[in-house]
Amino acid sequence: MPGEHLMRIHSPEFEAMSERVLRATELTSRLNVLPFDDEAGKAELFERILGRPLPPKVTIYPPFHTDHGLRLELAERVFINQNCTFLDYAGIRLGERVMVGPKVTFITVGHPVDPGERREWLSGGPIDVAENVWIGAGATILPGVSLGRDAVVAAGAVVADDVPPATLVTGGKATVNRQW
């Protein structure tokens, strides 16, 4: 897939990522216990998590979770509801006016399906969400997916393929595709 990332576990790149995961986890754990009205404290921690200040009019309701943070790009007027998770090592971009419901999960990395390679490699790809997309509660967006402008992802949907602009996608049923 275009933009696919492949990383050997226990490589220097993996070790650097692991160190950042510990740092991001420490920062988000502090963010998630702040009083809700501590705007200055939240702004300072988000700047440390993301490596830059939040863009204008971005709203994020904690609890908020990320494993890296530095590869999460948020445009202006993004809204992120409570208890969302951004596993952003391979990169996540949310365009202007994107709305993210509670408990949405964005996953940019995973492991190969082959059992022999599973413990040796991480694989994945960036997620790109265009302007004015609405992602419903509990949806999961998988590695390498692009969501087109004005698309809607229904609550609970698992999105494994690109979504065209101005499209509603639904569904979350797991299906057996192959066995080994």
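Colleague: Leaving aside neighbours within four places in sequence, which residues is Asn-32 in contact with?
Modeller: This is a predicted model, in which local features need pLDDT of at least 70 and side-chain atom pairs count only at pLDDT 80 or more, while totals for chains, interfaces and linings use all residues. Residues are numbered from 1 along each chain as its sequence is written, and side-chain values use heavy atoms, with hydrogens and water left out. Contact means heavy atoms within 4.5 Å. With those neighbours set aside, Asn-32 touches Pro-62, Pro-63, Phe-64 and His-65.

Colleague: Where is Asn-32 found?
Modeller: Helices (H or I, at least four residues) and strands (E, at least two) are DSSP runs, numbered from the N terminus. Asn-32 belongs to the loop between helix H1 (12-31) and helix H2 (39-50).

Colleague: Is Asn-32 buried, exposed or partly exposed?
Modeller: Buried means under 20% relative accessible area, exposed over 50%, and partly exposed in between, using a 1.4 Å probe and protein chains only. Asn-32 has a relative accessible area of 23%, so the residue counts as partly exposed.

Colleague: What is the relative accessible area of His-68?
Modeller: His-68 sits in the loop between strand S3 (64-66) and strand S4 (72-74). Leaving aside neighbours within four places in sequence, His-68 is in contact with Arg-20, Ala-24, Ile-49, Asp-88 and Tyr-89. His-68 is buried, because its relative accessible area is 7%.

Colleague: How far apart are the end C-alpha atoms of H2?
Modeller: The expected span of a helix is 1.5 Å times one less than its number of residues. For the 12 residues of H2 this should come to 16 Å, which agrees with the distance between the end C-alpha atoms, 16 Å.

Colleague: Which element gives the most to the lining of the second largest pocket?
Modeller: On a 1 Å grid over the protein atoms alone, a pocket is an open set of points where a 1.4 Å probe fits, with protein on both sides within 12 Å along at least five of seven lines, and lining residues have an atom within 4 Å of a point. The lining of the second largest pocket includes Glu-39, Lys-42, Ala-43 and Phe-46. The elements that give two or more residues to this lining are H2 and S2. With 4 residues, the element that gives the most is H2.

Colleague: Which strands stand at the edges of the open sheet of 6 strands?
Modeller: Two strands pair if DSSP finds at least two bridges between them. The sheet has parallel pairing and the order S2-S5-S8-S13-S16-S18. Each edge strand has a single partner strand, so one side of each is left without a neighbour in the sheet; these are strand S2 (59-60) and strand S18 (168-169).

Colleague: Which residue of S8 is the bridge partner of Ile-80?
Modeller: Strand S5 (residues 79-80) and strand S8 (residues 99-100) run parallel and are joined by 2 bridges. The partner of Ile-80 in S8 is Val-100.
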